[in-house]
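Welcome! Here is a short tour of a structure that may be new to you. Take a moment to look it over, then read on.

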Amino acid sequence: MIALSLAEIATITGGDLHPADPDTADTVVHGVVDTDSRKMSAGGIFVAKPGAETDGHRFVGAAVENGAGLALVEHLVDDAVSQIVVADVVDALAALASAVVARVRAGGMLKIVGITGSNGKTTTKNFLARILEPAGETVAPIDSYNNEVGAPVTMLRVTENTRFLVSEFGAAAPGSIARLAGLVEPDLAVILMVGMAHAGGFGGIEETAKAKAELITASRPGGVAVLNIDDPRVAAMRETAERRGMTVMGFGQSAGADVRASDVHVEASGTRATITAGGESQPLRLKVLGAHHIGNALAAITAAGVLGVTLADAIARLESVEVAERWRMQPMGNDHVRIINDAYNASPDSMAAALRTLAQITGPDERTVAVLGAMSELGENAGEEHDRIGLLAVRLNIRRIVVVGAEARRLYLAAVGEGSWDSEAVHLPDQDAAFEYLRTELREGDRVLVKSSNSVGLRHLGDRLGELFS
């Protein structure tokens, strides 16, 4: 974070500084800002966020031991550290992030990119950060820091020398993206797709589309909207962007895309395509598995082009990416039994894309094995969507369908109903049972996909299988 005095931070957050003497008020801090006391270092600001399971106020002392020079709190604690008491620490964190980014932006160098979509946000963020880093200091979220805490914490990592801030915005509810993006008003709004992920919390896919479009209305008038024109709901956001005076850049495989992919091929070693932009065509050889990642690469290339990176440089930097992110199409295992651990999260769209990738990369003498758990946050659509994935797995001729957990039982029943029988589909109660089954069932030549929503935790099963066959 940039250097600020405690008095300045108190003014920005609308809080009361304790102790309030002039010497304390003039103290300057410029360290990390976080809700995790373990991440503190000298001059850090610890945000004592109350939570459902624990209260950050209990960890102020630990934060101080790790170097914190200030605590943002909702009530005074006994620990010997300067404290700013605010009504709501999350609101104070947001106000601080907005003010810090505004100061850095006033220097004239900082460009801000906002990314949202039902799937692909984190991968696109990682792709874009990799492309931009050689061009200047780049700040991007760690993992999926895209909520009311993670997004401001990322924003507060900017310094006076930061040239690019890449922010990822998730939607917990209608208005979430508008609030988070409104803190910094991105220069570029990147919208990837509108799918069934979290649709249960919004009342349907059309409401989800409205939530994603909030990024456009929260971005700077006259900026740039980078839109996936292969998705009709995203393409329809062009009108909103143009009303705000924004330039629209479309990406996709459609003929009208400004940045277009063609000749897409998925192989066990990665994904190939030809990328065309501005009348120039270049081959792209991603090490990351899956045709769906070509769309994420296109989004990153398009945004980078707006920011001045050439197509050749963007592609060269993308080709150096080994893994999109841990637990996202992450190759594990060995040459005999290959594991694809893609269980960081799951939606109907990403589940279908992962199953298609599994089918595409498996040779005629190899066997496909899909280890599948539940997809969460689908609301009243959950049953139907799990049925659809079970049917798809059978129609793709996935040879072993291993369904884990009671919440995914409908996926298993749909697979059986579609004709997967004679032990081709099994339902197991938990990860331990699945591990014991797979430990003896998997054999040389198997290609194994592990996929579920984060809350189900199958990523840990994927890790265990990867270690077993390493």
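Leaving aside neighbours within four places in sequence, Ser219 is in contact with Glu185, Pro186, Ala189, Arg244 and Met246, where contact means heavy atoms within 4.5 Å. The model is a predicted one, so local features need pLDDT of at least 70 and side-chain atom pairs count only at pLDDT 80 or more, while totals for chains, interfaces and linings use all residues. Residues are numbered from 1 along each chain as its sequence is written, and side-chain values use heavy atoms, with hydrogens and water left out.

**Around Ser219**

- Ser219 is found in the loop between α9 (205-218) and β12 (224-228); helices (H or I, at least four residues) and strands (E, at least two) are DSSP runs, numbered from the N terminus.
- Is Ser219 buried or exposed? Ser219 counts as buried because its relative accessibility is 0%; buried means under 20% relative accessible area, exposed over 50%, and partly exposed in between, with a 1.4 Å probe and protein chains only.
- The side chain of Ser219 also reaches the backbone oxygen of Leu215, at 2.7 Å.

**The sheet with β2 and β4 at its edges**

- An open sheet of 5 strands has the order β2-β7-β6-β5-β4, with mixed pairing; two strands pair if DSSP finds at least two bridges between them.
- Its edge strands, β2 (16-18) and β4 (33-34), each pair on one side only.
- Strands β5 (residues 44-47) and β6 (residues 68-73) run parallel and are joined by 4 bridges.
- Gly44 stands opposite Ala68 in β6, and Phe46 has Ala71 of β6 as its bridge partner.
- Strand β6 is mostly covered, with 5 of its 6 residues buried.
- Helix α1 (residues 6-13) lies across β2, β5, β6 and β7 (83-85), and runs at about 15° to β7. For such angles, axes are lines fitted to C-alpha atoms, for helices over the stretch in contact, and the angles run from 0 to 180 degrees between N-to-C directions.

**The sheet with β17 and β21 at its edges**

- Here 6 strands form an open sheet in the order β17-β18-β22-β19-β20-β21, and the pairing is mixed.
- The edge strands β17 (330-333) and β21 (425-428) each pair on one side only.
- From one strand to the next, the twist averages 20°.
- Strands β20 and β21 pair in the parallel sense over 4 bridges, and Val402 stands opposite Val426 in β21.
- Helix α14 (residues 348-361) packs on this sheet, touching β18 (337-341), β19 (367-372) and β22 (446-451). The direction of α14 makes about 175° with that of β22.

**Nonpolar cores**

- How many residues does the largest nonpolar core have? That core has 58 residues, and those with the most contacts inside it are Met1, Ile45, Met155 and Phe169. A nonpolar core is a set of buried Ala, Val, Leu, Ile, Met, Phe, Trp, Tyr and Cys residues joined through side-chain atoms within 4.5 Å.
- Helix α4 (residues 89-105) gives the most to this core, with 10 residues.
- A second, separate core of 40 residues includes Ile115, Ile131, Ile275 and Ile315.

**One side of helix α13**

- In helix α13 (residues 311-318), the residues Leu311, Ala314, Ile315, Arg317 and Leu318 are buried.
- These residues are on the same side of α13 because they cover an arc of only 165° around the axis; the arc is that of the directions from the helix axis to the C-beta atoms.
- The buried residues of α13 pack against α5 (121-132), β15 (270-277), β16 (280-286) and α12 (292-306).

**Backbone details to look for**

- Most residues other than glycine have a negative phi, and most peptide bonds are trans.
- A cis peptide bond joins His18 and Pro19, with omega about -10°. Pro19 lies in the loop between β2 and α2 (22-25).
- Asp263, in strand β14 (residues 259-267), is a residue other than glycine with a positive phi, near 50°. Asp263 is exposed, with a relative accessible area of 53%.
- Asn397, in the loop between α15 (382-395) and β20 (400-404), also has a positive phi, near 60°. Asn397 counts as exposed, at 53% relative accessibility.

Conventions
Polar contact = N/O pair within 3.5 Å; in protein donor to acceptor, adjacent residues only side chain to side chain.
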